Amino acid sequence: MNARGVAVLIKRGLDIVVEQELPNSNGWSIVLKTLMKDKRYLLANIYGPNKDAEAVRFYQNLSATLRKMDPRSDDNIVVGSDFNCPLNPTLDKKGGILIPRQHVINSIENVQNEFSLHDIWRIKNPNTHSFTWSKNHPFVFCRLDCWLISDKLNDLVTQVDIQASIKTDHSSIILELEDTKEGPRGPGFWKLNTSLLARSDYVEMINKELPNWLKDAEDLSDKRVKWDWLMFKIKTSSIAYSKKLSRDRKSKEEELNLKYQALLKIFQDNPCETTRLEAEGVKSELEALYDKKVEGIIIRSRARWHEHGEKNRK
């Protein structure tokens, strides 16, 4: 089983040009030189090795890779993901062996010092105990995931947070910069989400309205025009139904997320099996919601293939 592998996913439509990419042959890192809104960013996604000797070599190689990008004084650097090492065991670890992996920490600090990077979450939360990974039997909590960013980016940070995540044993780490926010999106290509056909209330709504739509189209002599009219009414009704469904799901998702975050906080402060099982139950509910969301993403991706003239063969 391959325990390594990193990627940088770029949102469709983002104003970005990737000028250079340097992946690590072992799957531990990928570094991109990019241009966003006329400003250069070096983005590094890393997965730090567990073994100390490998980790020290890895961070030395990471410094060398960043140097290969020939960073200028006005370049912005963002290094993030799983460092597999608490930077400050006093604050970033609870339970287990609290002896620091000093050689690894020194290697990470060398990267920080050379490129003027700091742990932005710790800067914003100097005395907070919050963790991104945990294990049971015995209970151990660590903050292994963090963002190291250029000093000059500090004032552009609008959000930096740790949030409980699903389908993984790590929490997600969020970093938002004011300078890279996107503008509003326009309307996209519409395609019926066929999963709606499995919902009895949706089918009942369409069947109830269909006679009214046919009556409104009685004066249309051209059958093609009448067909277009029916498709238009089905589309608008389906969009309205889907928006309400989306609002309801989003509200439920936010409610479960808040409950999950609160339970994890309680669990981290006072570990016990009862709280862990309750949190796992809420997590399972969240995962079921996200599975539904993925179904919608698949439908929309097929619509984009159609919009851009590509053939969907599956």
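Colleague: Which residue is the bridge partner of Leu32 in strand 3?
Modeller: The bridge partner of Leu32 in strand 3 is Leu43. Strands (E, at least two residues) and helices (H or I, at least four residues) are DSSP runs, numbered from the N terminus. Two strands pair if DSSP finds at least two bridges between them.

Colleague: Before we continue, what should I know about the model itself?
Modeller: This is a predicted model, in which local features need pLDDT of at least 70 and side-chain atom pairs count only at pLDDT 80 or more, while totals for chains, interfaces and linings use all residues. Residues are numbered from 1 along each chain as its sequence is written, and side-chain values use heavy atoms, with hydrogens and water left out.

Colleague: How many bridges join strand 2 to strand 3?
Modeller: Eight bridges join strand 2 to strand 3 (residues 39–47), and the two run antiparallel. Their hairpin has two residues between the strands, and Lys37 takes a positive phi near 50° there.

Colleague: And what about strand 1 and strand 2?
Modeller: Strand 1 (residues 16–23) pairs with strand 2 in the antiparallel sense over seven bridges, with Ile16 opposite Met36. This hairpin has five residues between its strands, and Gly27 in the turn has a positive phi of about 80°.

Colleague: Is strand 2 mostly covered or mostly open?
Modeller: Strand 2 (residues 29–36) is mostly covered, as seven of its eight residues are buried. Buried means under 20% relative accessible area, exposed over 50%, and partly exposed in between (1.4 Å probe, protein chains only).

Colleague: Changing topic: what is the strand order in the open sheet of three strands?
Modeller: The order is 5-8-7, with antiparallel pairing. Strand 5 (93–94) and strand 7 (133–135) are the edge strands, each pairing on one side only. Strand 7 is joined to strand 8 (residues 140–142) by three bridges, and Ser134 stands opposite Phe141.

Colleague: Where is the cis peptide bond to Pro138?
Modeller: The cis bond runs from His137 to Pro138, with omega near -5°. Pro138 lies in the loop between strand 7 and strand 8, where His137 is also found. Phi of His137 is near 60°, a positive value in a residue other than glycine. His137 counts as exposed because its relative accessible area is 65%.

Colleague: How do helix 5 and helix 6 pack?
Modeller: Helix 5 (residues 200–216) and helix 6 (residues 223–269) pack at an angle of about 145°, with their axes 10 Å apart. Axes are lines fitted to C-alpha atoms, for helices over the stretch in contact, and angles run from 0 to 180 degrees between N-to-C directions.

Colleague: Which residues make that contact?
Modeller: Among them are Tyr202, Met205 and Trp213 of helix 5 and Trp229, Ile234 and Tyr241 of helix 6. Contact means heavy atoms within 4.5 Å.
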